[in-house]
Amino acid sequence: MSFELVVAILIATVPLLAIFPSLFALTTWLERKALARIQNRRGPNKVGVPCTRIGLFGLGQPAADGIKMLFKEDIVPKGADRLFHLLAPILALIPAMLVLCFLPLDFSFLAVWDESVAKDIKAVQGFALDGAVIFFFAITGINTLSVFMAGWASRNKYSLLGGMRAIAQMISYEIPLVLSAVVVVMMVGSLNAKEIADAQVGWNWFVFTPWGLAAFIIFFIAALAETNRSPFDLPEAESELIAGYFTEYSGFKFALFFLGEYISMFAISGLAAVLFLGGGEGPGVAGYPWLAVVWFLAKIFSLIFVMIWLRGTLPRLRVDQLMAFAWKFLLPLSILNILVAGFAHFIPQGNVVAKVAVWMVSLGILYAAAKGLNGLSRAEVKPREYKYAQ
Amino acid sequence: MSFLGGGIFSGMAVTLRNFVGSYFDPDRLTTNDYSWRPEGQLPQSAGEYPREEGEQLSDTTTVTNYSRNFPMLLHDGGDNPMDAIRCVACQICERECPPQCIYIEKDYDENGKFIKRPAVFDIDISVCMGCQICVEVCPFDSIVMNSQFELSTPNRFDGLLLHRGDLLKSNDYYHRIHPEEAKARDQRMAVEKAAKEAKKKAAAEAAKKKAEEKARAEAEAKAQEETGDKEEEAQ
Amino acid sequence: MVAPNYELIAQDGLETSLLEVSMGPHHPSTHGVFRMDVKLDGETVVDLKPVFGYLHRNHEKLAENMSYLANMPFTDRLDYFNSMTNNWAYALAAEGLVEIEVPERAEYLRVIMAELTRLVNHVSLVGFFVNDLGALGTPLMYAFREREKILDLFEEASGARMMCNYFRFGGLRCDVPAGWLDRAREVVDQFPEFLDEYEKLLCENEIILSRTQGIGTLSRELAINAGITGPMLRASGVAYDLRKVDAYGIYDRFQFRVPYGEVGDCYDRFMVRMLEMRESVQILRQALDGIPEGEIMGKAPRVFKPKPAEVYGRVEGPKGELGFYLIADGTPKPYRYRVRPPSLINLTVLRDMCLGQKIADAVVILGSIDIVLGEVDR
Amino acid sequence: MSELSHEPLLKEFPDACWDEAAGAVIVPEGRARVMAEWLLMQGVDYCSNVTGVDYLEAEVKEKITNDAGEEETVTRTEPGRIDVVYHLYSMRDQTGPLVLKQRTGRENAQAESLTPVWRSCELQEREVFDLFGVDFKGHPDQRRILMWDEYEEHPMRKDYTEPFDYEWEPTPHDEILEKHKKGKVIV
């Protein structure tokens, strides 16, 4: 192994390992701040530079939280399975970190001194792998296991219920998630993340096509469920299961769970950005390659902000409703979307009229299907009129 | 289940409006930030928190003019507050206090004669619930509610037992923390005092009148007696 | 009474057993130290046993060893969200023992305070309820934002925000400060705007609709028989409101309507409270318009020492019928003092409503009953 | 709200008597359930309040006119008793209240449960059982409700004395209590 190759590997991996955990800290701050402002509170605003009264908008809060977590007592319940109790948070973190390498973050611009190193970087980066998308889904599947390990090993009924819910939920939502990604793979004809991103150069983002839009919405909803975000945060449902599968975790193990959860949020938002939002595509990228990283992170963060916003607005679904939503609504709709995408692909879209017609027809079919499925999958609920007695 | 409906989006519009609004409209904010405001913008100079160890309870820590916290004893000025203390140790408040947190002992001079003031007046604020019943039952307007809230102490037993010295506050202080209430109370006390004095005066006059009448009657009787005697003598 | 005959899934070679979960006394959504012993089959509630008494302090025994007046501050602590209506119920009962004429201004102020309390209670209940549904506290924070304004009013009038101790036998402890009525009007006038926002956020949200409709249905007959009162009874379709029926105080002078539901599920209970807030605003407007000047304290005896008698006074508290049963024996202390706690009696039907529902629904149903453990356990 | 008259009840059940001072109908022993069912049929559908009242054995002085036509004061011992009081309303007719009282002795206190008639008695009768020690016949689920199951006494009885406080710790408050115990009057 030549020295250049080692440098290339380091440049390809170290920024990933540095950026995302620090972005995790920033995101916890962002989430707390945004939720606080949604709820008309101030959020963290005291913790800044230590020993002074400089608040820095509370940016020191994640560091303070981290230090607190490190020093907290690590409690393992009596009768818990100590080994699996320890392994679960680690197992939650590893796949989340692994899938980060499939995000098309091209760091070759860092190697300004040597063209060959830049070429090597491009060669070793994970997204250059031909089966990147499949690999992504394969590895995120491991997350389920860690959740169940945590739920089982804690020897707590709430944890067990949380673990049970998590398995059912994650397995169910994996299917619409994959099926909505299949549409893009079908269109591009490749599983390579880089090629998918390149296919959308020049504002040809897939979200601007009718099937792409539908697939993006399905993908986003399923991604919320995959990462246990509100309104699908049933495994950790605070109001009935206290904290779900990590009820019995404290200290740094708890922090690892958190870290894993946030990093898989980044990963799945990153995949959404690659599949539907053009990856690192954006104005000025052609001139300055580093802008691609900035644009990509900006897209991830806007998706994460929408997640936070949803979390601040919506209550939680119930278990049966959640499963019905996945199997009776999202799954048929995503299968139908594949068909629609296939037809739309073969209709020539030379002029504006044809484009509009394709839009109208595809969205019409999808909407009608959604409406019908909606009627099938649940009892009719609607606001009621109330009477008054004098 | 589906998202096919405007309900979720209208809800998201509401939260977005609140998100943006909280930066521009301070009325929206639920919480008030007291401790980081520059000096002078506080409601009324709230004590620095946390206090230095051993520091006395800060004196004027008032949230609003109306809030009440624990009772205090009033005195009417003077260098030696014990001379002008209003409390006469009648122990009505001690009896009426619902959680029974007041502890009074009467004061006696060296001859064992009761002087109208408390020797011991303790309030256990770990028990006191700030209900203001003692203020209502006091016939001498000597106990009123304080609004000092910085009472944290490292000693939970003796530190929370307020003694006479801690409780004694001047009437000026009362005017400073509860201006409206103090003014009304002073007016009422003045009216009552005037009425009392008028009554006293009337009583004194009545007594005087009675005495005069008595004297006159006696004089008349005496005169009659004398005349009788004279008549007897004459006979 | 008897649990529905719930067949366990016991097929050949597949045996399942019930999971017993003791929810509480320390649990995020039991609204205090309340425990539910729940038996679950998967996620479905098969049996539920409420366990009370963690906050029991024998309030009634305390009151029997205390003078009538000294007991007033303890009524604040029953249902610590609604100290004003608790005070009123106690004052109403005690005024039944000794004939005291309550002055006009005091009656108006009592109505104003009670209706403001109702706003405080309902608005925060809805927040807690949506929290139980799984929202992250956003509706609750909006509710607390408005509640704060009303608590500021209470503080100005009585000196305390929650433990007001404001009512007295025959009137009120003190008059409201100058300008209070204007400030109150400002708060009341702003309130409908907030309600609009709140309804937009909650009432048409599909998730809330499907989580609450058809959940925890309480029939009209059972509601009456089980002595359910307050918004919960009205949600089941009985328009029984003591403000109309008893017309205590001066409630017969105000124009207001009583909303009632038809199904009696969680959604009805939630909506009836939302609609009641609008009616409370109506009453408040009329009361603030009509309030006269004058005394606030009637001719009450300085030492409250009623003749031997028995009296039962009740008001329409925000949670239901709050009653005080007093037996006087001619001493300054009540011989018997009894609180009829609406929160406790509304819990009678908790089990009936929860059986066969999911565990997540059990939490929602408990939230829709609106209990405060200070009153349940007393 | 208009009054709910007790006259029809007394007419139907002649052995029930009317206590004018308390404004309550005293239920004859063993007839409570029947009366309650009859009342439910008459539309008294809502039992608002159930509670117990404990009366200790008391010496009552009363003036009577003896056979000779002279007034004299007789001291009579009234036996202790526990009343179980029911406040009934009618939601159908919007009338009320009607007060029923079941009387029982302090030893082996027993009463008939009205829970099968009005569900609202369920928790309240449990409370009376817990705090007064009245045994309700026919109650479907009679357990302690507020005190813990192992508790043996009935705290709302008038002769209840507090047990030794095993959680005692020295606070300034105890001195105050001590002083009160030494003969200071607690009103």
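View 1. A residue is called buried if 20 or more other C-beta atoms lie within 10 Å of its own, exposed if 12 or fewer, and partly exposed in between. In this predicted model, Gln94(D) has 14 other C-beta atoms within 10 Å, so Gln94(D) is partly exposed. Gln94(D) sits in the loop between strand 6 (81–90) and strand 7 (95–105) of chain D. With 9 other C-beta atoms within 10 Å, Asn108(D) counts as exposed.

**View 2. Helix 1 of chain B and its buried face.** Helix 1 (residues 6–24) of chain B has 19 residues. From first C-alpha to last, the helix reaches 27 Å, close to the 27 Å expected at 1.5 Å a residue. Its buried residues are Gly7(B), Gly11(B), Val14(B), Thr15(B), Asn18(B) and Ser22(B). Seen down the axis of helix 1 of chain B, these residues fall within an arc of 90°, so they line one face of the helix. An α-helix has 3.6 residues a turn, so residues three or four places apart point the same way. Tyr23(B) and Phe24(B) are exposed, on the face turned away from the buried side. The cover over the buried residues includes helix 1 (3–38) and helix 12 (290–313) of chain A, and also helix 5, helix 6 (180–202) and helix 7 of chain C.

**View 3. The side of chain C that touches chain A.** Here 40 residues of chain C are in contact with 35 residues of chain A. Among the elements of chain C that give two or more residues to this side are strand 3 (19–23), helix 4 (104–132) and helix 11 (266–290). Helix 7 of chain C gives the most, with five residues. By type, the residues on this side of chain C are 22 nonpolar, 10 polar and eight charged.

**View 4. Strand 1 of chain A paired with strand 8 of chain C.** Three bridges join strand 1 (residues 387–389) of chain A to strand 8 of chain C, and the two run antiparallel. Tyr388(A) has Pro259(C) as its bridge partner in strand 8 of chain C.

**View 5. A cis peptide bond in chain A.** The bond from Ser230(A) to Pro231(A) is cis, with omega near 5°. Pro231(A) lies in the loop between helix 9 (210–226) and helix 10 (238–241) of chain A.

Technical notes
Residues numbered from 1 in each chain as written. Chains lettered and ligands numbered in written order. Predicted model: local features only at pLDDT ≥ 70, side-chain atom pairs only at ≥ 80, totals over all residues. Contact = placed C-beta atoms within 7 Å. Helix = DSSP H or I, 4+ residues; strand = E, 2+ residues; numbered from the N terminus. Nonpolar A, V, L, I, M, F, W, Y, C, P; charged D, E, K, R; others polar. Pairing = 2+ DSSP bridges. Expected span 1.5 Å × (residues − 1). Arc of directions from axis to C-beta.
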